[in-house]
Amino acid sequence: MSSLLLFLLLFSGVSLGGCIRLGNGGYEEWRMGSATYIKESLGHPLNDGGGACGYGDLDIFRYGRYTAGVSGALFGRGSACGGCYEVRCVNHVLWCLRGSPTVVVTATDFCAPNLGLSDDYGGWCNFPKEHFEMSEAAFLRVAKAKADIVPVQFRRVSCDRAGGMRFTITGGASFLQVLITNVAADGEVAAVKVKGSRTGWIPMGRNWGQNWQCDADLRGQPLSFEVTGGRGRTVTAYSVAPADWMFAQTFEGKQFVE
């Protein structure tokens with residue numbers, strides 16, 4: 001390999017190999033994708049607490065400013081919510097920051113397709129494109145503000161979370177819904193069960209994003225949750241909510257430990 005070619009590869013950040021360990025022995029190689037960003041002044045759901053994952057205020061739920069909406073090829077009908085991705089800008093001398101630094105973002109939203117536009121001009125989130133619509137703060141860690149769309153490399157990484165998983169309870173007289181946030185390890189939630197003091201374990205279904213629901217009236221009972229992550233590990237948090245819990249309250253339980 002010539003010295004000039006090696007310089008160009010290093011400057012652009014092209015990977016010469018390598019992977020990163022995920023919880024439960026998983027590994028992911030770098031993959032190619034693309035990224036854009038939403039300016040904070042535009043009041044996008046990534047910044048104002050909305051989003052298809054249902055997280056609400058991202059600061060309250062400890063996801064901070066380094067977040068991204070992901071295209072349908074990555075979103076998986078909500079299964080990607082809470083997952084962490086390491087991203088770096090590559091192959092663009094004008095827009096990528098020197099040295100190709102990386103940033104870790106949490107998937108907190110869905111980047112909707114625009115089928116009326118081509119994949120390389122506005123239709124960046126069209127299937128099967130793997131695209132990140134990043135928060136401005138995250139994007140500026142890897143590329144210049146003047147950039148429009150940039151090529152990136154990305155890989156799944158373990159999520160570093162402070163404290164335990166959080167369970168925000170909503171619902172009504174005939175059903176229970178729980179929003180699960182602050183999940184460590186791979187960050188994803190693949191299955192949930194709930195148990196009251198007068199019931200067995202009840203499977204919950206994904207309603208949308210990371211909101212899980214079952215058709216049961218569990219009011220007046222302490223609640224326990226069994227959470228299975230995206231790579232098959234399960235954590236059981238007993239008596240997370242006391243018998244006198246109320247709708248809209250948030251409780252903290254056990255956490256996945258690497």
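Predicted model: local features only at pLDDT ≥ 70, side-chain atom pairs only at ≥ 80, totals over all residues.
**View 1. Tyr85, Phe132 and Phe154 come together as one aromatic cluster.** Rings of Phe, Tyr and Trp (its six-membered ring) pair here if their centres lie within 6.5 Å; planes under 30 degrees apart are called stacked, over 60 edge-to-face, and the rest tilted. Residues are numbered from 1 along each chain as its sequence is written, and side-chain values use heavy atoms, with hydrogens and water left out.

**View 2. Arg88 lies over the face of Trp30.** Here the distance to the ring centre is 4.0 Å.

**View 3. Tyr55 and Tyr63 make a tilted pair.** A search of the whole structure turns up 9 aromatic pairs. In this one, the ring centres of Tyr55 and Tyr63 are 4.7 Å apart with the planes at 45°, so the pair goes down as tilted. Tyr55 is buried, at 2% relative accessibility, and Tyr63 is buried too, at 5%. Buried means under 20% relative accessible area, exposed means over 50%, and partly exposed is in between (1.4 Å probe, protein chains only).

**View 4. Phe75 and Phe110 form another tilted pair.** Centre to centre they are 5.1 Å apart, with 45° between the planes. Phe75 comes from helix α3 (residues 72-75) and Phe110 from strand β6 (residues 102-110), so the pair ties together parts 35 residues apart in sequence. Helices (H or I, at least four residues) and strands (E, at least two) are DSSP runs, numbered from the N terminus. Phe75 is buried at 9% relative accessibility, whereas Phe110 is partly exposed at 31%.

**View 5. Glu130 and Arg31 meet in a salt bridge.** The term covers a side-chain nitrogen of Lys or Arg within 4 Å of a carboxyl oxygen of Asp or Glu, and the structure holds 6 of them. The closest N and O atoms of Glu130 and Arg31 are 2.3 Å apart. This pair links distant parts of the chain, 99 residues apart: Glu130 sits in the loop between β6 and β7 (131-135), and Arg31 in strand β3 (residues 31-38). Glu130 is partly exposed at 21%, and Arg31 is partly exposed at 29%.

**View 6. An open sheet of 8 strands pairs antiparallel.** Reading across, the order is β15-β14-β11-β12-β13-β10-β9-β16. Edge strands β15 (234-241) and β16 (250-252) each pair on one side only. Two strands pair if DSSP finds at least two bridges between them. Between β9 (residues 166-171) and β10 (residues 176-181) there are 6 bridges, and Thr170 stands opposite Gln177 in β10.

**View 7. Lys193 and Glu226 form a salt bridge between two strands.** The N to O distance is 4.0 Å. Lys193 is in β11 (residues 191-195) and Glu226 in β14 (residues 223-228), 33 residues apart. Lys193 is partly exposed, with a relative accessible area of 33%.

Note on methods
Lys NZ or Arg CZ within 6 Å of the ring centre and 35° of its normal.
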